Amino acid sequence: GGRAAGETASQAVIAVLPVMLREQLTASEDPTPGQITFLIGKTLSEFSEQLFQQSQELPEIKGLGSTVALLFVRDEMAYVGCAGDSRVYLLRDAHLFQITKDQTIAAALVRTGHLSADKAAFHPLSHALEEYVGKQGQLHPGVWCKKLHPGDRWLLCSDGLTKGLSDEELRRILSVPSSTEAVCRELVATAKENDGTDNITVIVVDVTD
């Protein structure tokens, strides 16, 4: 979280959001993939609203916010949720796919035809968030669902990683048959060497069977 009290907001994402999601799923008996997708979006929106309300009561954290990148696995299905510009990628059969779509002002300008995709990465609003948890008003999270395949390798990361690495560099490092920890360390080290201007968070998840 790069906004006011971002460290508080990001810790709340880690500590509170999984509990809220578990409660929602437990309350729904044998949910379908469509229902799980809906519940993830609903939970993210409710969490964002609660975070905003709490921040209004405490001046020291007023205006707090954080991005979210979420991967939830159940019954051979992967559910991905996001708010902001932290990303989730999938490496499958040596091909890299960006599952999430950045929720920034620059990305919104591209969607509406006011900015070319080539210029978006270097635009001053490329890291100005359109969506983030803790925002005032309704959150519009992105949620996706994909069937898992053995051999899939998932990457969740903050924008500090993608500032320093191109998609081809991501694909090359993720394709190395090393442990998830070794791959994480290589991703962070290379991104810091190439850029290193922002905090870098990386999680790599392998689907083994």
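This is a predicted model: local features need pLDDT of at least 70, side-chain atom pairs count only at pLDDT 80 or more; totals for chains, interfaces and linings use all residues.
Two strands count as paired if DSSP finds at least two bridges between them, and strands here are DSSP E runs of at least two residues, helices H or I runs of at least four, numbered from the N terminus.

Residues are numbered from 1 along each chain as its sequence is written, and side-chain values use heavy atoms, without hydrogens and water.

Okay, strand 3, residues 87–92. All six of its residues are buried, meaning under 20% relative accessible area with a 1.4 Å probe, protein chains only. R87, Y89 and L91 point one way, and V88, L90 and R92 the other.

Who are the neighbours? Strand 6, residues 153–157, pairs antiparallel with strand 3 over five bridges, and there Y89 has L155 as its bridge partner. Strand 4, residues 95–98, is also antiparallel to strand 3, with four bridges, and L90 sits opposite F97. Two residues separate strands 3 and 4 in that hairpin, where D93 takes a positive phi near 55°.

Now over to helix 1. Its buried residues, including A9, V13, L17 and L21, pack against helix 2 (33–57) and strand 1 (68–74), with contact meaning heavy atoms within 4.5 Å.

Methods. Buried means under 20% relative accessible area, exposed over 50%, partly exposed in between (1.4 Å probe, protein chains only).
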